[in-house]
Amino acid sequence: MRISMKNERNVSLEEGFKEVLQYANVKNLSGATIRNYRMTYDYFEKYFGANRLLAEINDKVIAEYTIFLKANFHMNSIESINTCLRYLRAMVNYWVELGYVSKIKITLLKGNTKIKEAYTDDELIILLKKPDTKKCSFPEYRTWVIINFFVGTGCRVRTLVNVKIKDIDLESAIIKYSVTKNRRQQIIPITKSLTSILDEYLKYRKGVENDYVFCSETGTKLLETSVSHSVLKYNRKRGVQKTSVHLFRHSFAKNWILAGGDIFRLQKILGHQSIEIVKEYVNMFSDDLKRDFDRYNPLEKFCFDRKTIRLR
């Protein structure tokens, strides 16, 4: 009934986007997702026009819009263009269901998978070296603990800043994530090393169960931008030019794979809904997997004394 009534009037892009936002709020989508919808609308509105009718959207419009993105927003990265197309596809599919747009297929661009950068072993050794707690400041010590947390869990910065003291069970060696990208609570194990580091840190940090683990010097919740800034300053001080917080996540995945870790467990720890994303890590670090391959390969183990055979 609703779709039939809507078909009787023409709907503009601006009106259609208002319905998308209303739907997003009803579905209680995350703030980050809604911001991405707004960003996508802003890009598409500049090309298409706010007052043009949704019924005019077709395959040709989408193809021209892709070219428009490259020309006007300097989107040379396939990943950036695909992000815009992915969110536009979600909006268009919603409008198709409402009867505003004829069914069209929006396909993402194909390209070579970019190798994900990670911290090298030498860089991690430098960054994980504990500062002198008697001489260093609290922010520097806190940043060292944060880097250990990243390297030991592979979590995202948004997850880290929302961990509370009550979420850490040192006796059972587990941490509960209340805030994740897919908005599902998650429980992961932690190693003895990280357990010991957090135990010491919490004695310095103090606080009550409902306090955030990583706080400012005044005890307030640490912002994501503050974490990034602290890591940048910490890394540069130690001569490490890489400063991205997200690279610790790549480093976790890389070292897990190189150590022979199960990719299904890696998927659960990283909180990916699709195994395909985890498979990307395996492909990314395929060259590293060749390292010491003969040394660990079972065939070489049993054939070390093989004699030379002369063929006739």
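Reader: What makes Arg238 count as lying over the face of Tyr234?

Author: Arg238 sits 3.6 Å from the ring centre of Tyr234. A charge is over a ring if NZ of Lys or CZ of Arg is within 6 Å of the ring centre and within 35 degrees of the ring normal. This is a predicted model, where local features need pLDDT of at least 70, side-chain atom pairs count only at pLDDT 80 or more, and totals for chains, interfaces and linings use all residues. Residues are numbered from 1 along each chain as its sequence is written, and side-chain values use heavy atoms, leaving out hydrogens and water.

Reader: Happy with that! How many aromatic pairs are there, and why is the pair of Tyr201 and Phe214 called tilted?

Author: There are 17 aromatic pairs. Rings of Phe, Tyr and Trp (its six-membered ring) pair if their centres lie within 6.5 Å; planes under 30 degrees apart are stacked, over 60 edge-to-face, and the rest tilted. The centres of Tyr201 and Phe214 are 5.4 Å apart and their planes are at 35 degrees, so the pair is tilted. Both Tyr201 and Phe214 are buried (under 20% relative accessible area, with a 1.4 Å probe and protein chains only).

Notes:
Buried < 20%, exposed > 50% of the residue type's maximum accessible area, 1.4 Å probe, protein only.
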